[in-house]
Amino acid sequence: MSKSVPPPYTHRHLLVCTNARDPATGKPSCGMNGAARLREQIKVAVKERGLKGKVKVTASGCLDFCPADGCVVAFYPENTWEISATDAAAGESLTARLVEGV
Ligand code: FES
């Protein structure tokens, strides 16, 4: 049995695929491309802005795009998905979008 509950954030949710696949599989993965570092950068930026409870940054498993470079991020409630670079500039850009209008 389950029940509906309100989300623990009020504005926006970002899923960052951090799945790290064994390189021996020959298939790329976001985790191998620096996704965990990107997620951590965004989480720190959100905390520094005092937005805990308004925005949420969550690591996810594979979202079935598996880019050769970058990682997959999904914004909710917009339901906008993209393949992002994982460098510091990309983290700043994603953070700005995540907190937009908060
Ligand atoms: S490993 Fe990230 S989408 Fe598959």
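Which residue forms a salt bridge with Glu82? Arg97 does, the closest N and O atoms being 2.5 Å apart. This is a predicted model, where local features need pLDDT of at least 70 and side-chain atom pairs count only at pLDDT 80 or more, while totals for chains, interfaces and linings use all residues. Residues are numbered from 1 along each chain as its sequence is written, and side-chain values use heavy atoms, with hydrogens and water left out.

**View 1. Glu82 pairs with Arg97.** The salt bridge (a side-chain nitrogen of Lys or Arg within 4 Å of a carboxyl oxygen of Asp or Glu) is one of 2 in the whole structure. Glu82 is partly exposed, at 26% relative accessible area. Arg97 is also partly exposed, at 28%. Buried means under 20% relative accessible area, exposed over 50%, and partly exposed in between (1.4 Å probe, protein chains only).

**View 2. Arg12 and Glu78 meet in a salt bridge.** Their N to O distance is 2.7 Å. Arg12 lies in strand S1 (residues 12–17) and Glu78 in the loop between strands S3 (71–76) and S4 (80–84), so the pair ties together parts 66 residues apart in sequence. Strands (E, at least two residues) and helices (H or I, at least four) are DSSP runs, numbered from the N terminus. Arg12 is buried, at 9% relative accessibility. Glu78 is partly exposed, at 37%.

**View 3. Lys43, Lys47, Lys52 and Lys56 form a positive surface patch.** Patch residues have over 30% relative accessible area and no salt bridge, with like charges joined within 9 Å and nonpolar side chains within 5 Å. Lys47 sits in helix H1 (residues 35–48). Lys47 is exposed, at 69% relative accessible area.

How values were computed. Areas by Shrake-Rupley, 256 points an atom, 1.4 Å probe, with all protein chains shown as cover. Lys, Arg positive; Asp, Glu negative; His and termini not counted. Charge placed at Lys NZ, Arg CZ, Asp CG, Glu CD.
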